[in-house]
Amino acid sequence: MGNQWQDLRETFETQGFVIVDNLFSEDDLTGIETFFEEYKRCGQAVFDKGTTFEEIDPRERQVRAMHPHRYSQKAMNWLLHPSVAEVLEALFGRAPLGVQTMYYYKPPGAKGQGMHQDNFYLLAKPHACMAAWTPIDDTDTENGCLCVVPGSHREEILCPETGKAKWRNYEDSHITGFPSGKEPIPVPVKRGHTLFFGGQLIHGSGPNRTTDRYRRTFIGHYIDDASESVSNYYHPIVNMSGEVVSRVAADTSGGPCGDGFGGGVH
Ligand SMILES: O=C(O)CCC(=O)C(=O)O
């Protein structure tokens, strides 16, 4: 492994996340931006919980396209972007497999995303999943950048406990406290840079408090090619050439949080 990858991997292993600059070209970014502005009006697109773009009140629910790579080859190509694949392979230490895409529009006034760990939903085994999170707009605390709890990637998956208060203003979160000595920090990421984070890292985002700035982000989720199973919601799985991989089972165990929970989209 070259020095560049070794440094990245060390940062990732220490913090649970790392930012890599300029993996997408300006042409890619303009392509993503233009595509998703049209996609939100296209009758086929699937948004959060099966709704259309117009049906979502951003103060109540995330305005996000779910799995656009299942409907568009362009979105599939961004999921499989060769420069992203190279970083994923260095971080996983194995070839990545693509399992999910999302596009958050997060318009002015939109709610935040509750604190969570992705592998609570993906149930990737035996190793956790990874996200590549690429904003199309500069992100900061005002428009609801991602917040992460550094070091929390070494924790187990935190399971819901009944009767506990929700965490601050992030809502929708079953995570009501953080591991001892650990606190969330904002991670402002500029347009076109990519934040990679592991499936155990606790993260979420604040509301978009601006009146005039979107916080749009293209997100890919991945598992590694030694994965034995992942929640049913993330099939079909593709390798980085776009071929469907059928050897990874659909998880039916319920995961670490109990029987009957088969994961979910998040
Ligand atoms: O972009 C956000 O606000 C949240 C994204 C997220 O939670 C994820 O990609 O797992």
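**Exercise 1.** Which residue just after α1 takes a positive phi?

Solution. Glycine 16 does, with a phi of about 95 degrees. Helices are DSSP runs of H or I with at least four residues, strands are runs of E with at least two, and both are numbered from the N terminus. Residues are numbered from 1 along each chain as its sequence is written. This is a predicted model: local features need pLDDT of at least 70, side-chain atom pairs count only at pLDDT 80 or more, and totals for chains, interfaces and linings use all residues.

**Exercise 2.** Check the span of helix α1 (residues 3-15).

Solution. Take 1.5 Å times one less than the number of residues.

**Exercise 3.** Find the residues around the ligand, then the elements that supply two or more of them.

Solution. Count a residue if its C-beta atom, placed from the backbone, lies within 6 Å of the ligand. The shell holds Tyr104, Gln113, Asp118, Ala131, Trp133, Leu146, His203, Ser205, Thr217 and Ile219. Two or more come from each of β5 (130-135), β9 (203-205) and β10 (217-224).

**Exercise 4.** Is β5 buried or exposed, and which strands pair with it?

Solution. Buried means 20 or more other C-beta atoms within 10 Å of the residue's own, exposed 12 or fewer, partly exposed in between, with C-beta atoms placed from the backbone. Six of the six residues in β5 are buried. One side carries Met130, Ala132 and Thr134; the other carries Ala131, Trp133 and Pro135. Pairing needs at least two DSSP bridges between two strands. β5 runs antiparallel to β8 (residues 194-198) over four bridges; methionine 130 stands opposite glycine 198 there. Six bridges join β5 to β10, also antiparallel. Threonine 134 has phenylalanine 218 of β10 as its bridge partner.

Notes. Near = placed C-beta within 6 Å.
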